[in-house]
Amino acid sequence: MSFCRQLRRLVRECGIAQSDVARALHRSNGAVSALLNGQRATPPAWDDVARIVEYCASRRASIPAGVSLDLSWWRLRHHEMEISAEEPQREQRPRPDPPPPPPEPEDVPDDFAGAIDLLAAGRQDFEGLAAELLEPLTLSGAATNGLPAVLKGFGDRVRACHGTPRTALLAAADRAILITAFCDAVADSGIHYGPELGYQQGDITTQIVAELEQVVLGTDRVRDARELRWEITAAYTYAAGVVHGEGSPQDQYPEDLAHQAWQRYETLMASVTWDCPELRLVSNTEDPPEIAEEVSQPAGPSYALQPLSHWLAQFTADPAPAHRYRRLLRAPVADAEEAGPVMPALESGYVDPAFRLADPHSSSRQLSSDDWWLTQSEREDLGEFLAAHLLTAYATSAPLVVLGHPGSGKSLLTKLLAARLPEAEFFCQRVELRHTPADLGIQEQLEDSLRRSTGRPTPWPEAAGPGTVRVIILDGFDELLQAASAEHAHYSNYLHDLAEFQQREHELGRPTIAVVTSRTVVADQAPTPRLSTVIRLEPFDDDRIGHWVEVWNTTNRRYFSARGLRPLDRDVLRPHDDLTSQPLLLLMLALYDASSNALHQLREEDIGRLGLYKRLLTEFVRRQVAKHNGALPRPAEAAAVEHELQRLAVIAAGMFNRRRQGITASEAQADLTSLLDADVAPSPLLFGRFFFIHEAQAVVTSQHRHSYEFLHATFGEYLTARLITDELERLVHAGTHPAAATHDDRLHALLSHVPLVDRAEVVRDLTELISSRGQQQRNQLTALLARLLKAAGDDVMRTDQLPYGPPPPAPRRTGSRLQREPAPAGRIRTGQRPRLTALRHA
């Protein structure tokens, strides 16, 4: 019977074993099993039911989603079951043919009357139900209980629909429950219109309904449970104040009425969601286990969006994904070297990250600021979140924006999402924006991607059948912004254009969900639409790093055994947690250790932070040099590696001197030509293949544009300090007579644009690099710096200028201001002597 199913679900959702229930009731395991599985001939005694509910309440710090711990609710359900069981068995009569199913809704209701009409679906029994449910707001003492009847069989109706009709049903039930709960609370409170107090009766119904209709519910957009609770409570409190101002409260406070409305809301929602997991998913108002109190054993992280697959399997009869994306689950998380370790498959090697959900109501929203994101709530349920988003109304009105730092796994997330969506319900098109002409419109970009993935031209309107929800995944929006920086203004409205495209498609009967990924640092360069949902993927915590290491070691068990290597140890990674928190950099460290247990050896050598960076960069550059040039004699290989490291250092200095985290290919070419006399453009084959370099690409007017960025800022800071230190040593080795200071063109170019103190880590790295030299070298560097500072103080004018960056302004006298005046934020090139004051810190 349904009552027993509800009771069994309560026990299961609370994580309680039947044997524990049996001990609490002093019953046998068999008797409890028969009770919870509805195998008794008679209804269970109320005392047993009450003890089960109380026992579950004592074992839970919070109410599980979709169930109720309210004894009064269970008492009512038990009473209904007893009445049903006492009815005499009626003579079986031939049943008439079932009535035709109600028509599927065509749009999502945004008001209470529309919601009730959609739920009633034209059934005559519910004609005028909306007005009846609102009658208590007249404060005439009217009461009603018509909502449960119209929601009977709601779960079956939802499962018979998909796409927009399903979302419309969920939104209608959500809105109806929110407003009806308050009306029921008013009816139960006994508050009535009080003419004896001299009040003039007004129309508070319109005022209250309008206020409650403004609440953005979980069926509109995915909400943080705490924020949703707060918004509903605030709306109920406002409505309660209106009621108290119009009626006779009888020694009650508005907060009491608001609390009664919330309790009624929970009761109504629980009665519907136990048979409708879709509504439970999107309308959950309970805190997740990771922030609830007294969680004994928090669950570990999930893998490969498996919770998303689990939820989608409940929504559709055929959960199989599209064949062209199914293979992605078995694809490696990164390209592997032929003789190197094995890369884990995506379905096992992707550890679901935590994420933060941006508050859409925040008045100080700064999507590119790490500090601002730390003020947003952190969540652990990425798979559940994505499943809920697919069911919300705003999903087809504006894009979901997924932010993250380089190497955080955004692209892998898009592959997994495409591989998890059931083909029977969704048509998915994943677009890599780096390979798509950026100067095309959104529909043309989609059609270009369709042609590339299917091999035939397909007009977008014909890409999927009617009623199928389309999901477009646009990966790498930041690459379009960064690589096509000359046309930045053209692309700054891209997200708004995408939202307009979605709204047009919705109106034409082609509902389209859009997901866009981008780096956090450029998030404020393109405004997000008002209805967009924005999340940021979080760095790995210790638990996720440990799970990832387990997968890595399991995948490479044979590789380690065949080469006599030790598996990767979590403890050897702890000194480098500033790198291991990003999945791609964690993979980089794992590959480095897999060559000869290099990380294990570092722990024994204690070489320090910069020593690790030097070895990491040298090893990965050496691999790419060997792959590009083949086997070389050791001296030739060492020279080629050093040449590539110098080029990388010049690129790092170019980013530093432009106060940017990235540099375009044309800027890199100009810097290399100036500082290294290099007439050959940086090789995309090498730069683009470095693990620690993120290469952004975009196709603009049929031209491929590239830009570069370090996966972790510390690599660029170290290489900048390394280049400056090498240049200082070159000057020392060039000679000691005073004329040596006049040949510091390269040092002048490196230090004339931005004070070193603008980047504390560069000064720190310079300090460590110079301190690691011998005493004699440090004395020579001190003497060199003294000469250079004296030359600057004596107001020696530059007569030679190295063409590094834009042409310099006309020479001007600088005098002693050189050592104290900060560089203007926007200047890339100046005619001043080097800002050597900062080197005193080194």
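Select T392 to begin: this residue sits in the loop that runs between α19 (382-389) and β5 (400-404). Helices here are DSSP runs of H or I with at least four residues, strands are E runs of at least two, and both are numbered from the N terminus. This is a predicted model, where local features need pLDDT of at least 70 and side-chain atom pairs pLDDT 80 or more, while totals for chains, interfaces and linings use all residues. Residues are numbered from 1 along each chain as its sequence is written, and side-chain values use heavy atoms, leaving out hydrogens and water.

T392 has a relative accessible area of 3%, so it counts as buried (under 20%, 1.4 Å probe, protein chains only). Show the backbone of H389 too: its oxygen is 2.8 Å from a polar atom of the T392 side chain.

Next, jump to D593 in helix α29 (residues 583-596). D593 is buried but has no salt bridge (a Lys or Arg side-chain nitrogen within 4 Å of an Asp or Glu carboxyl oxygen). What is the nearest side chain of opposite charge? That's R566, 7.1 Å away. The D593 side chain does reach the backbone nitrogen of A598, at 3.4 Å.

Last stop: F154. Colour L119, L169, L170, A173, V272, C276 and L279, which F154 touches beyond four places in sequence.

Terms used:
Buried < 20%, exposed > 50% of the residue type's maximum accessible area, 1.4 Å probe, protein only. Lys, Arg positive; Asp, Glu negative; His and termini not counted. Polar contact = N/O pair within 3.5 Å; in protein donor to acceptor, adjacent residues only side chain to side chain. Contact = heavy atoms within 4.5 Å.
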